[in-house]
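Biologist: I have a protein model open and I would like to learn how to read it. Where shall we begin?
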Amino acid sequence: MTHSPDETVVILNPESGSGSHGANVRQRANRLGYTVVETDTDGDAVALAATAAERGVETLVAAGGDGTVNEVVRGIRRAGALDSVTVGVVPVGTGNNFAKQIGVTDVATAFDVVESGDRRRIDLGQANGHLFVNSCVAGLTADSSSKTSPAMKQRLGVLAYVVTTLRTVTDFESLRLTVAIDGHERAAPAWTGDALSVLIGNARQFGPNRTGPANVEDGLFDVTVIEDVPVLSLMSDAVVERLLGRDSAYITRFRAQSLAIEVHNPSSVRFSLDGEIIQERRLAFETLPRTLSVAVGDGYTPPPE
Ligand SMILES: Nc1ncnc2c1ncn2[C@@H]1O[C@H](COP(=O)(O)OP(=O)(O)OP(=O)(O)O)[C@@H](O)[C@H]1O
């Protein structure tokens, strides 16, 4: 096995986002003497990251979107190398939420950050053993391709997308849930009822006035449960904004280190972990505080000590 701590490996998803970044990324990487490996399909970035980490590579760059970042981090864990590897991100995906959270704004800056940016240890999330970096969501998802008025987006943040998605979906079945903080059997449920969505953010926040960067070093999830309000889909924007805006009785938010979600629907529910779908009836979540070393941009504000 070759020991290559000085080598930097870029794991490039050539199809992320618009799919037009391949040559640019390869050129910049070559200029810096980085090795570039490309993904072909689902899961490749997990295997490529694990192989590089097993070879002793200590800097791995995910060039892709949030799905590619998630796979690279899973590969590093698979290799048992979370202690020794630092992750960089080249934001060439569609959403690039994670890159934004760590102050990486564009391709050119991303390479500068890998070369000389600060290194910070950030939290990861885990649900039934599955890793996530950004979030785990179930129910109506915040589909950013749905048409949302700028005014509603400003008032409701990511939740505006949930509302517009609801208006286009005809057969939505509420999530019948119990959400318990800390996952103890006897803990009082934090929330129980019929939900439209449940959103568990690690490097992501949901809702009004929460569009800024998440605190990814606090060891806490940012949990949002949106109650299924009857006939919400038929209401006007103004009414919806009042119902779901600040201090809404229909939205429950809390922060927690660990939690458990139990599904009471007759069948299991789809949960998306950074886009990876799992079907479950019961999920136990825990944060892995300050577990992943990342190269962060100048725009990243470390939380106060
Ligand atoms: N060569 C490839 N061709 C097609 N799909 C690929 C290829 N390599 C990887 N994939 C798949 O593409 C998925 C999505 O990629 P990724 O998240 O990087 O981009 P995105 O969806 O454009 O961005 P974002 O997640 O930020 O919205 C990956 O999870 C992987 O399953």
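This is a predicted model: local features need pLDDT of at least 70, side-chain atom pairs count only at pLDDT 80 or more; totals for chains, interfaces and linings use all residues.

Biologist: Which residues is Arg255 in contact with, leaving aside its neighbours within four places in sequence?

Modeller: Arg255 is in contact with Leu220, Phe221, Asp222 and Val223.

Biologist: How far apart are the C-alpha atoms of Asp182 and Ala53?

Modeller: They are separated by 33 Å, and the two residues are 129 apart along the chain. Asp182 has its place in the loop between β8 and β9. It has 12 C-beta neighbours inside 10 Å, so it counts as exposed.

Biologist: Let us zoom out. How many helices and strands does the chain have?

Modeller: The chain has eight helices and 15 strands. Its radius of gyration is 20 Å, close to the 19 Å that the globule rule gives for 305 residues, so the chain is as compact as a globular protein of that length. Along its principal axes, the C-alpha trace spans about 60 × 45 × 40 Å.

Biologist: What share of the residues count as buried?

Modeller: Of the 305 residues, 46% count as buried. Sequence separation is another thing to read. Take contacts between residues at least 6 apart in sequence: 75% of them join residues at least 24 apart.

Biologist: How do I read strand pairing? Which way do β3 and β4 run, parallel or antiparallel?

Modeller: Look at the bridges and at the direction of each strand. β3 (residues 59–64) and β4 run parallel, joined by six bridges. Together β3, α3 and β4 make a right-handed β-α-β unit.

Biologist: Which strand does β4 join through two bridges?

Modeller: That is β15, residues 282–296, and the two strands run parallel. Find Thr86 and its bridge partner Ser293 in β15. Strand β4 (residues 86–91) is mostly covered, with five of its six residues buried.

Biologist: Now an antiparallel case. How many bridges pair β7 with β9?

Modeller: Five bridges pair β7 (residues 135–139) with β9 (residues 189–201) in the antiparallel sense. Val137 has Leu199 in β9 as its bridge partner. β9 also runs antiparallel to β8 (residues 175–181), with six bridges. There, Thr178 is the bridge partner of Thr192. β9 pairs with β10 (residues 221–227) as well, again in the antiparallel sense and over six bridges. Look for Ser197 and Ile226 in that pairing.

Biologist: Next, a helix. Which residues of α2 are buried?

Modeller: Helix α2 spans residues 44–54, and its buried residues are Ala45, Val46, Leu48, Ala49, Ala50, Ala52 and Ala53. Ask what lies over them. The cover includes β1, β2, β3 and α3. After α2 comes Gly56, with a positive phi near 100°.

Biologist: What should I expect of phi in other residues?

Modeller: Most residues other than glycine have a negative phi. Asp274 has a positive one, near 50°. It lies in the loop between β13 and β14. Arg290 is not a glycine either, and its phi is positive at about 45°. Arg290 is found in strand β15. It is partly exposed, with 15 other C-beta atoms within 10 Å.

Biologist: Last, the ligand. How many residues surround it, and which are the closest?

Modeller: To read a site, list the residues around the ligand, then sort them. Here 21 residues surround the ligand, and the closest are Ser16, Gly64, Gly65, Gly67 and Gly93. By class, the shell has one nonpolar, 14 polar and six charged residues.

Biologist: Which helix gives the most to that shell?

Modeller: Helix α3, residues 66–78, gives the most, with four residues.

Note on methods. Residues are numbered from 1 along each chain as its sequence is written. The radius of gyration is taken over C-alpha atoms; the globule rule is 2.2 Å times the number of residues to the power 0.38. A residue is buried if 20 or more other C-beta atoms lie within 10 Å of its own, exposed if 12 or fewer, and partly exposed in between; C-beta atoms are placed from the backbone. Two residues are in contact if their C-beta atoms, placed from the backbone, lie within 7 Å. A residue is near a molecule or strand if its C-beta atom, placed from the backbone, lies within 6 Å of it. Ala, Val, Leu, Ile, Met, Phe, Trp, Tyr, Cys and Pro count as nonpolar, Asp, Glu, Lys and Arg as charged, and the others, Gly among them, as polar. Two strands pair if DSSP finds at least two bridges between them. A crossover is right-handed if, with the strands pointing away from the viewer, the path from the first strand over the helix to the second runs clockwise.
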